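Thanks for coming. I will take this one piece by piece, so please keep the structure open while I talk.

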Protein chains: 2
Amino acid sequence: MPSPSACVLIIGNEILSGRTQDANLAFLGQRCDALGIRLVEARVIADNEAAIIAHINECRARFTYVFTTGGIGPTHDDITSATVARVFGVPLRRSPEAVEALDRYYEPGTLNEARLRMADIPEGARLIGNPVSGAPGFQLENVFVLPGVPSIMQVMFDGIVDRLSGGPPILTVSVTTDLLEGAMASDLGAIQSAFPDVSVGSYPFFRRGTLGVNLVLRSIAAGRIAACRAAIEEMLKRLGGRILNRGAPKST
Amino acid sequence: MPSPSACVLIIGNEILSGRTQDANLAFLGQRCDALGIRLVEARVIADNEAAIIAHINECRARFTYVFTTGGIGPTHDDITSATVARVFGVPLRRSPEAVEALDRYYEPGTLNEARLRMADIPEGARLIGNPVSGAPGFQLENVFVLPGVPSIMQVMFDGIVDRLSGGPPILTVSVTTDLLEGAMASDLGAIQSAFPDVSVGSYPFFRRGTLGVNLVLRSIAAGRIAACRAAIEEMLKRLGGRILNRGAPKST
């Protein structure tokens, strides 16, 4: 049985315009690996109702889990909650539980109507607690609606881990070398063929004036990843490459 | 007539696993703004033939331009070029022009078969020059195939600007304030309604212990963006917010 799959929908004009650098995908990618959930794709879309509806509907049918980030604040451009309600054909209702959470966070007298909008949640949704700034996210079926601010989203994601069923964690080992891709491509391809249960990725880099390659091995099988690493190290030695650093096996 | 549209396809397992932080989307978003091309969405997908084919086919039909990044190097996991050839139903052919470009870059005797694979280009494609490391990208119809390494991709993108038709540049102004979203949401919504030709985005931040909001105005109309900024500054003053910094109008 293949591991559960996931898709991330990053909702926000500010990411598409290049004004804001997304930081949520890398976090979610690492967490999915550790949970044994295959993050199959991510999409960055605009704060646009038609686009949000189309992408959520496509992705919730195709993937085990859909994680959205962004668009659940109090301003006019925060349309994710209302749009998700439309996706599921349910009304948006002011949630007493969410009002209570906001009430605990805001100073007396400052919980105005705009802020209360953050307690308007699609009917039937299960809340996702926000210990940082009060305003909750929510889950409807396999769609998890999270905020865009990375520090808040990350804490809230930790709160939903027990709602997710994963497979065995995906282990990652990386080997960095000064041997260039073209010098080892043929041998590396042979190693990949010999280890079909290990994904061997090759990522060239140019940094601080240094040329090199990160070889990244990913697998759920610790023994196979170790054997594949040994084969790669033997290859690098044979071809005259140096090993610049070597990551211990870990679940990213 | 609406401005031309674009989609970015970021091809690479390393972005999805969270091992590598994408840096190409922010660059392309800013360039599209300056060129007057609406970057409507971006997708991050795996180095997987079926996924690449499905997404390129969907996106090339929907958008004026599709920019792909990643997967055109010499190793076994670089499958973008062969896959794009399948998308267009054309054979992959060794391009003499591309071989010549590689030959200029590599030391005599080092242009081996693995490196020559980077000269295998779909038949009928127009090359995109790579002044950094030789290996070209290519264009087939409205699909532009670029490398994943940001420093190389960025230089190569500059080389295709004259193949792209844009609209008027999208101007951006940002106003940063310590007033929180909930305190201005109602007034800000009214300003957005009064300026339907300016996109008013509100982005809260928590950094260096400071809470605040970036208000980002985007429009092709310089006069309207200036008037909208004046209205926002008047509102912030009236509500007791400070203006922490203020971006000059620019095409991002």
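I start with a definition: a residue is buried if 20 or more other C-beta atoms lie within 10 Å of its own, exposed if 12 or fewer, and partly exposed in between, with C-beta atoms placed from the backbone. By that rule Ile152(A) is buried, because 21 other C-beta atoms lie within 10 Å.

Two sentences on conventions. This is a predicted model, in which local features need pLDDT of at least 70 and side-chain atom pairs count only at pLDDT 80 or more, while totals for chains, interfaces and linings use all residues. Residues are numbered from 1 along each chain as its sequence is written, and chains are lettered from A and ligands numbered from 1 in the order in which they are written.

Back to Ile152(A), which lies in helix α7, residues 150-158 of chain A. Helices (H or I, at least four residues) and strands (E, at least two) are DSSP runs, numbered from the N terminus. What does Ile152(A) touch? Leaving out residues up to four places away in sequence, Ile152(A) touches Asn130(A), Val132(A), Ser133(A) and Pro147(A). Contact here has a cut-off: the C-beta atoms, placed from the backbone, lie within 7 Å. Thr210(A) is 58 residues from Ile152(A) along the chain, and 36 Å separate their C-alpha atoms.

Now the sheet. Two strands pair if DSSP finds at least two bridges between them. The sheet is open, has 12 strands with mixed pairing, and runs in the order β6(A)-β7(A)-β8(A)-β3(A)-β1(A)-β2(A)-β2(B)-β1(B)-β3(B)-β8(B)-β7(B)-β6(B). At the edges stand β6 (126-128) of chain A and β6 (126-128) of chain B, each with a single partner strand, so one side of each has no neighbour in the sheet. From one strand to the next, the twist averages 20°. Helix α2 (residues 24-35) of chain A packs on the sheet, where it touches β1 (5-11), β2 (38-45) and β3 (65-69) of chain A together with β2 (38-45) of chain B, and its direction makes about 165° with that of β1(A). For such angles, axes are lines fitted to C-alpha atoms, for helices over the stretch in contact, and values run from 0 to 180 degrees between N-to-C directions.

Ile128(A) stands opposite Gly137(A) in β7(A). Where the chains meet, β2(A) and β2(B) are also antiparallel, with five bridges between them. One pairing there puts Ile45(A) with Glu41(B) as its bridge partner.

The contact between the chains takes 50 residues from chain A and 50 residues from chain B. On the side of chain A that touches chain B, the elements giving two or more residues include α2, β2, α8 (181-194) and β10 (199-207) of chain A.

Next, β9 (residues 171-177) of chain A. Strand β9(A) is mostly covered, with six of its seven residues buried. Seven bridges join β9(A) to β11(A), and the two run antiparallel. Thr172(A) has Arg218(A) as its bridge partner in β11(A).

Last, Ala135(B), found in the loop between β6 and β7 (137-140) of chain B. Ala135(B) counts as buried because it has 23 C-beta neighbours inside 10 Å. Its contacts, not counting residues up to four places away in sequence, are Ile72(B), Leu102(B), Met118(B) and Asn130(B). Gly73(B) is 62 residues from Ala135(B) in sequence and 7.9 Å from it in space, C-alpha to C-alpha.

Technical notes. Contact = placed C-beta atoms within 7 Å.
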